[in-house]
Amino acid sequence: MTNLTQLRLELIDANFYPAFLLALRLPVLEDLWIHQATSSLPSLSWDVGFYSTWFARTKRASKSLKRLNLSDSQLGPTMHGRLLRSATSYSVLQKLLKNFSQLHSLSLATGICVHLPILDLIANGQLLPQLQVLHLATASDPHVILEMVRTRNTGPSSKEWECIKSLMLTLPDAFSDREDELEEEAALLGLDKGLLMHFVPPCTIQGCASMCCFGV
């Protein structure tokens with residue numbers, strides 16, 4: 001696979017067989033899609049630490065990668081079981097993202113929590129300096145992410161890194177009544193392709209009815 005530039009993986013119960021991924025060597029990879037599912041409830045959390053280790057071992061792929069998409073596959077059961085899944089820590093996610101100095105597009109799964117310190121590092125160009133397309137999920141106030149984009153795109157040092165041109169947010173359905181307000185705020189951020197929002201209803205598993213898919 002030394003000449004492979006694009007790779008899409010549909011992984012079921014990936015946490016149980018990491019050796020498969022560790023065997024891959026992808027020195028010129030530019031586009032990577034990983035869609036993860038589990039075969040039974042509760043759904044497993046994303047092992048971000050494992051992917052960080054994988055990219056640390058494939059440094060050439062880390063430098064060549066331009067688009068990274070980590071998403072929850074349509075295969076397998078719905079995301080459920082918040083209390084039985086471990087949350088992604090700030091330090092582990094930072095360790096993963098700092099591998100990608102040339103990344104243009106980043107999409108993170110709904111269950112991967114992006115903490116405020118990570119947003120601050122992206123806002124100040126210390127993480128992902130080439131980032132232009134961003135898809136995040138949050139169960140918290142989305143204004144925090146919009147403020148991050150404002151700082152990155154319009155701050156005094158914004159010419160030292162790429163501006164974010166396209167933003168997509170996955171939000172709890174409770175924020176849908178603020179859609180117009182969020183779009184008005186986003187219109188001031190210099191987003192060439194604007195803001196897209198996807199609203200997620202509460203969990204449909206009987207007896208849950210929470211926003212457990214956000215992993216918080």
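1. The model is a predicted one. Ring pairs join W46, F50, Y51, W54, F55 and F100 into a cluster.

2. One of these pairs is W46 with Y51: the ring centres are 5.8 Å apart and the planes meet at 45°, so the pair counts as tilted. The angle falls between the limits of 30 degrees for stacked and 60 for edge-to-face. W46 and Y51 are each buried.

3. Y51 also pairs with W54. Here the centres of the rings lie 6.3 Å apart with the planes at 55°, so this pair is tilted. Y51 and W54 are both buried.

4. Where do Y51 and W54 lie? Both belong to helix α2 (residues 48–57), and they are three residues apart, about one turn of the helix. In an α-helix there are 3.6 residues a turn, so residues three or four places apart point the same way.

5. Which residues of α2 are buried? They are V48, F50, Y51, S52, W54 and F55. The elements that the buried residues of α2 pack against are β1 (6–12), α1 (19–22), β2 (31–37), α3 (59–64) and α4 (90–97).

6. A separate point concerns R178, which sits in the loop between β6 (166–172) and α7 (179–186). R178 has a relative accessible area of 24%, so it is partly exposed. With neighbours within four places in sequence left aside, R178 is in contact with D141 and H143.

How values were computed:
Residues numbered from 1 in each chain as written. Predicted model: local features only at pLDDT ≥ 70, side-chain atom pairs only at ≥ 80, totals over all residues. Heavy atoms only, no water. Phe/Tyr/Trp six-rings, centres within 6.5 Å; stacked < 30°, edge-to-face > 60°. Buried < 20%, exposed > 50% of the residue type's maximum accessible area, 1.4 Å probe, protein only. Helix = DSSP H or I, 4+ residues; strand = E, 2+ residues; numbered from the N terminus. Contact = heavy atoms within 4.5 Å.
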